[in-house]
Amino acid sequence: MQKNILIIGAGIAGCSLAHFLANTGWAVTLLEGQDNIAQGGSGNPVAAIYPKFMLNDQAYNDFMLKSFIFTTGWIEELKLDKNDYKFNGAIEILDQEYAHKLDINLSKKILDKKTFLSVMNPSILKKYNIDKNASGLLFHQGGWINPIALCRHLVNHSNIKTVTNQKVKSIEKLNLEWTLETDMKKKFMAHQVAICNAEYIHQFELTQHLQTDAFRGQINWVNQTSLEVPSIVSCDEGYLAPPIQKKHIFGATYAMNDFEEDIRLSDTRKNIASIKEIHQEFYKYCLKQESIDGRVSWRASTKDRKPYVGRVFNNDLFKKLRVRELAHADNLPWLEHLYVSSGFGSRGFTFAPYCSFVLANLINENLSREDKETLNYTNPERYRLRKMSLKKVASQIFQV
Ligand SMILES: Cc1cc2nc3c(=O)[nH]c(=O)nc-3n(C[C@H](O)[C@H](O)[C@H](O)COP(=O)(O)OP(=O)(O)OC[C@H]3O[C@@H](n4cnc5c(N)ncnc54)[C@H](O)[C@@H]3O)c2cc1C
C-alpha cells in the first residue's frame with residue numbers, strides 16, 4: 001500500500017485524522033482553504049467536552065459514551081500545555097425528572113457510575129458557584145479544551161505537511177492517483193484522499209448527496225472579572241466556561257442556514273439571557289457592558305445527528321446495481337481510497353477525535369469489532385440505502 005494521503009480541511013476532523021495517520025507512517029498533506037488551520041467551527045477560544053445523552057436513543061448514547069471516553073483519555077495523553085485544557089468536571093442543568101430518568105438509563109450502561117456522574121445536589125451547586133437551585137448532572141471527567149491549541153499540536157508532526165490558502169475545487173481520479181485542483185489552480189496528487197470539510201462536504205460531485213445543514217453559532221466573551229463564576233463548564237440554555245485566557249466565554253446561538261458573518265447584538269443578548277440562571281451577578285454584569293466581543297462560525301449537522309464517517313459509493317456503479325444486489329453488504333460499490341468525515345454538529349470535540357481514530361484504522365485496514373460497529377453507525381451512505389428500503393444493510397455494512 002502506498003501510504004500517502006491528501007486531507008481536505010484543517011479543523012478538528014482533518015487535524016486529528018492527519019495525526020493518527022502520521023503516527024502510523026503515512027505521508028499526509030493537509031489542505032486548508034483559509035490562511036491558517038482551525039478557522040471554521042474549530043476556531044473558537046474554547047470547546048466544552050461532556051457527554052450529551054438522549055433519553056430515547058440508546059445507539060446515540062453508546063456512540064456518545066465511546067467517543068467521550070476515548071477523546072478525554074486521548075487528550076490527557078497528548079501532553080498539551082496545562083493551560084489549554086482541563087477535565088475537572090462539567091455540569092448540565094436539566095429538568096429534575098429528565099435528569100432522574102437519564103441517571104437510571106445510564107446506570108445500566110456505565111459500570112462505575114459513581115466516578116462518572118453525580119445527580120446535582122446542594123453541595124455540588126455550592127462547590128462550583130452555581131446560583132440557581134438547579135437540577136441536572138455533573139460529569140466528573142467533563143471539561144474544556146482550547147481548540148486551536150489542540151489542532152496546532154496535532155499537526156506538528158514531521159509526516160504532516162500543512163498547506164493553507166488552498167481551497168480545493170475538484171477531485172478526480174487520474175490513472176491510479178487522486179488529483180485535487182484548488183482555486184489557485186494548484187494540483188495535488190496522492191493515492192488516497194479524505195474529505196473533512198464540514199458543511200462544504202456536498203461541494204464535490206462524488207459527495208454531493210451528503211446533505212448537511214449549516215447552523216450559525218455566535219459565542220461571546222468579556223474580560224475576566226473578580227466575580228466568582230462557576231469553576232467548571234456549566235451548561236443550561238447556553239454554556240458559561242470557567243475563566244480561560246483571562247476571559248469569561250459564553251454562548252452559543254443556533255440558527256439554521258443563516259450565513260450572516262457579523263456579530264449580532266440580538267445574538268449577544270440571547271447569549272447573555274441564556275446564562276441568567278447559571279450566575280445572576282455575572283448576567284447583570286454582562287447586561288451593563290457597552291460592547292461585548294464575540295465570534296461567529298458554523299456547525300455542520302446531519303438530519304439524524306450522526307456524523308458521516310467512512311466511505312462513499314462509486315456513483316456510476318451504484319446506478320447500475322439493482323436493489324436486490326445492494327441488499328448484500330458484500331456487493332456495495334464502495335469508491336476505493338476516498339473517505340469522508342463530516343457532520344459533527346455541536347459535538348465535534350467529543351466525536352471527531354474518536355471518529356478519526358476509527359477512520360485511520362479503516363484506512364490502515366486494521367479494524368476492531370468496535371470500530372466496525374462505529375462505522376456501521378456513521379455509514380455516510382445510510383440515506384441512499386434507506387431510501388431504497390435497505391435499512392438493514394445501511395446499518396450493517398460490516399459484519400460484527
Ligand atoms: C458557536 C459554536 C460553538 C461550539 N461549541 C462546541 C463545544 O463547546 N464543544 C464541541 O465539542 N463542539 C462545539 N462546536 C462544534 C464544533 O466546533 C464542530 O463540531 C467542529 O469544529 C467541527 O470540526 P470540523 O473539522 O468538522 O469542521 P471545521 O472546524 O469547520 O473545519 C473544516 C475546515 O475545512 C475547510 N474547508 C472547507 N472547504 C474546503 C475546501 N474546499 N478546501 C480546503 N479547505 C476547506 C474550512 O476552511 C475549515 O477550516 C461548536 C460550534 C459552534 C459553531
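At what angle do helix 1 and helix 6 pack, and how far apart are their axes?

**View 1. The packing of helix 1 and helix 6 in a predicted model.** Helix 1 covers residues 12-23, and helix 6 covers residues 147-155. The two pack at an angle of about 30°, and their axes are 8 Å apart. Angles under 35 degrees count as roughly parallel, so helix 1 is roughly parallel to helix 6. The crossing of helix 1 past helix 6 is left-handed.

**View 2. The residues in contact between helix 1 and helix 6.** From helix 1, the contact is made by Ile12, Cys15, Ser16, Ala18 and His19. Helix 6 contributes Pro147, Leu150, Cys151, Leu154 and Val155. Sorted by class, eight residues of this contact are nonpolar and two are polar, while no charged residues take part.

**View 3. The shell of residues around the ligand.** The ligand has 41 residues around it, of which Gly9, Gly11, Gly40, Gly217 and Gly348 come nearest. By class, the shell has 18 nonpolar, 19 polar and four charged residues.

View 4. Helix 11 gives the most, with four residues.

**View 5. The ligand shell and the two domains.** Domain 1 is made of 4-41 + 149-211 + 303-394, and domain 2 is 213-301. Both domains give residues to the shell around the ligand, so the shell lies between them.

Key: Residues numbered from 1 in each chain as written. Predicted model: local features only at pLDDT ≥ 70, side-chain atom pairs only at ≥ 80, totals over all residues. Axes fitted to C-alpha atoms, helices over the stretch in contact; angles between N-to-C directions. Parallel < 35°, antiparallel > 145°, perpendicular 65-115°, else oblique. Left-handed = near helix turned anticlockwise from the far one by under 90°. Contact = placed C-beta atoms within 7 Å. Nonpolar A, V, L, I, M, F, W, Y, C, P; charged D, E, K, R; others polar. Near = placed C-beta within 6 Å. Domains from an automatic or database assignment.
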